[in-house]
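Reader: I would like to learn how to read a few features of a structure, going from a single side chain to a pair of helices. Could you take me through them in turn?

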Amino acid sequence: MKRAAAILLVAWLVLSAMYGGSKPSLGGDLWWSLAAGRYISEIGAVPEADVFSHAAQGLPWPNQEWLSQVFYWKVFNVLGPSGLIYVKLVLSVLFTVILAWLGTKRSGSAFLGISTAAAVMLLWGYHIDLRAQFFTFLGTVTLLSTLDAYRRGVRWAAVGPPLVLLLWVDLHYGFIFGLAVVFGFFAAETTKSLLQLPADPMPIEDARKLGWVLLASIVACALNPQGLDALVFPFDILDTASPWKRVIEWRPPRVFRGGAMNTFVVYVALQAVVAGLAFWRAPRRFDLTDFGLVVVTAIMAFTSRRFIALFAIVGAPFLARNIATLARDTGARKSAVYELYRQRGTQAAALVGLIGTVWVGAAFWTHMSGLVSGGLFDRMTHAERFPVGAARFLQKNPIPGNIYNFYPWGGYLIFHLKRQIYIDGRAHAVYPDEMYYEARRVDDTLPGWRNALAKRQIDVIVHQSHYPAPLKLRNDSGWVRVYDDGFASILVRKNADTAPFLTAFGEGSLWYPETPGAQLFLAELDNRAGRRDQALDSMTRVLETHGPAGEKAALTKREVERAAVDFAPDQKAGGTVEALEVSLGRYYQAQEGPVEGPFSR
């Protein structure tokens, strides 16, 4: 029974890790990370200046994530896109196991350690996405585990923090948080030892040795391509006047509105209540070091939503310990799996493990089946939110000139087009504040937006179709809309360099992807150019393939009707080929007179 209970608890933990780690998240940063990893691998060095933006070319690029970028690229290149997802799942399991181990050691309860770690992954796993920040989460739990081992008397664990930070400093800017944690532990544990404060103050000699650990950690953080500058740069984003703080992940969470953010409020309240009760019941068992760390990360989470997952991670072992304090005297138990040494505890642990394994396992199986059937990598990275068709169009039709792009799409375009763009998700790491305001001015067509395009010598615009800039430029005689799939549009400035492609566009000889939006746009172009048979053929093909009853149904009946009405505004088309034939045939008869073609009436 004991072995069965232990197996079920571990199975529940592993499945929770994989389920949380498999939740799709917007992969905007992943794309420029892959592009950077590819570039670094090709040249064999970390660039000191920007190479991806024509507007920021040559500006300093303090890249503290180069190692994670190379790692992601190597996995992507060797194992393929899906392989990258599976590696993420493996790392998610590793991260969750370390977190559960830490919670178990802090609480003296394997059940509480596993339960809190599983809850973190189930509730906030979508925050732990495919980008460099993943290694801050992994580095945090690893660092906390080594520090906890040291204060429990495992003296060799003192080498852990410098080694972790030596690697972390080149994986993600979050290493500065890790260094702050080491400083916090040194200050808190020294104070506890001197004043004999709770809980379990270590001998003063051991506390003082943490000063050497801190010094070694600082040296480790300085051993990176940026040197000591790396210790300063992460604080730039703390400037309240920085416009980059308006990027959504840097904004404060909307804690009192509906949606996922409410779980954050509940978690904060739970932490506060349980901590208060634990302190009231057993003040000598209340750990002030852990409490300070949790309070600091809570403040960070209320300041910026990107820190919510970090707070959840740091708070999990603290919550497990405080619950254990309320349930029993943790000091009387030396076993980390005490539940399995009592029959009722074993039975309860086995039951919870069984329920958790079955419930999470079923949810994970259903979830993964849906992801795999729709394309694992595309579903995991929300490919539908990126200009897939537009990027393919530019790959096949390499229209020259400087590109202006929608900010969230920058990394995707860098990776797939292998050419410079205007701006991407590296934000303040590369781009001056001026470019944030300039991009907003162009996007929303604020005063001076045309001058900004001229200043940057923009010849190609890749943007969301419904934004003001592409909508206004549709009717500008100096620009030509050469692509529009209803989600992304491409506009090209008329000049000598782009003239050959614009001529090919006028002749209908450019390549377009076989997506419903692109093909409907192509049909519209053929229709306007008088190539009516081609237009009707395109419309029929789109409807038969992507309509509600098609093999690759991507269009709803309403979208089909809307597309048909664009061709025949005086008719209300149905959702069938026949209805479209009638609608288009009547349209051409009304506009051009009798037309010979497959849909003539």
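Predicted model: local features only at pLDDT ≥ 70, side-chain atom pairs only at ≥ 80, totals over all residues.

Reader: Where does S53 lie in the chain, and is S53 buried or exposed?

Author: S53 belongs to the loop that runs between α2 (28-43) and α3 (66-107). Burial is read from relative accessibility, with anything under 20% taken as buried, and because the value for S53 is 0%, this residue counts as buried.

Reader: How should I read a pair of packed helices?

Author: In general, two packed helices are described by the angle between their axes together with the distance between those axes. Here, helix α5 (residues 134-151) and helix α11 (residues 308-327) have axes that come within 10 Å and cross at roughly 20°. Angles under 35 degrees count as roughly parallel, and α5 and α11 are therefore roughly parallel to each other. The crossing of α5 and α11 is right-handed.

Reader: Which residues make the contact between α5 and α11, and how many of them are nonpolar, polar or charged?

Author: From α5 the contact draws on F137, T140, V141 and L144, and from α11 on A309, L310, I313 and V314. Sorted by class, the contact of α5 with α11 comprises 7 nonpolar residues and 1 polar residue, with no charged residues.

Reader: What is the separation of A350 and M1, in sequence and in space?

Author: Along the sequence A350 and M1 are 349 residues apart, while their C-alpha atoms are 7.9 Å apart in space. A350 sits in helix α12 (residues 343-373), and because its relative accessibility is 9%, A350 counts as buried. Leaving out residues up to four places away in sequence, A350 touches M1, A5 and L8.

Reader: What share of the contacts in the chain joins residues 24 or more positions apart, and how many helices and strands are there?

Author: Among contacts with a separation of 6 or more, residues 24 or more positions apart account for 68%. The chain has 23 helices and 4 strands, and buried residues make up 55% of its 601 residues.

Note on methods:
Residues numbered from 1 in each chain as written. Heavy atoms only, no water. Helix = DSSP H or I, 4+ residues; strand = E, 2+ residues; numbered from the N terminus. Buried < 20%, exposed > 50% of the residue type's maximum accessible area, 1.4 Å probe, protein only. Axes fitted to C-alpha atoms, helices over the stretch in contact; angles between N-to-C directions. Parallel < 35°, antiparallel > 145°, perpendicular 65-115°, else oblique. Left-handed = near helix turned anticlockwise from the far one by under 90°. Contact = heavy atoms within 4.5 Å. Nonpolar A, V, L, I, M, F, W, Y, C, P; charged D, E, K, R; others polar.
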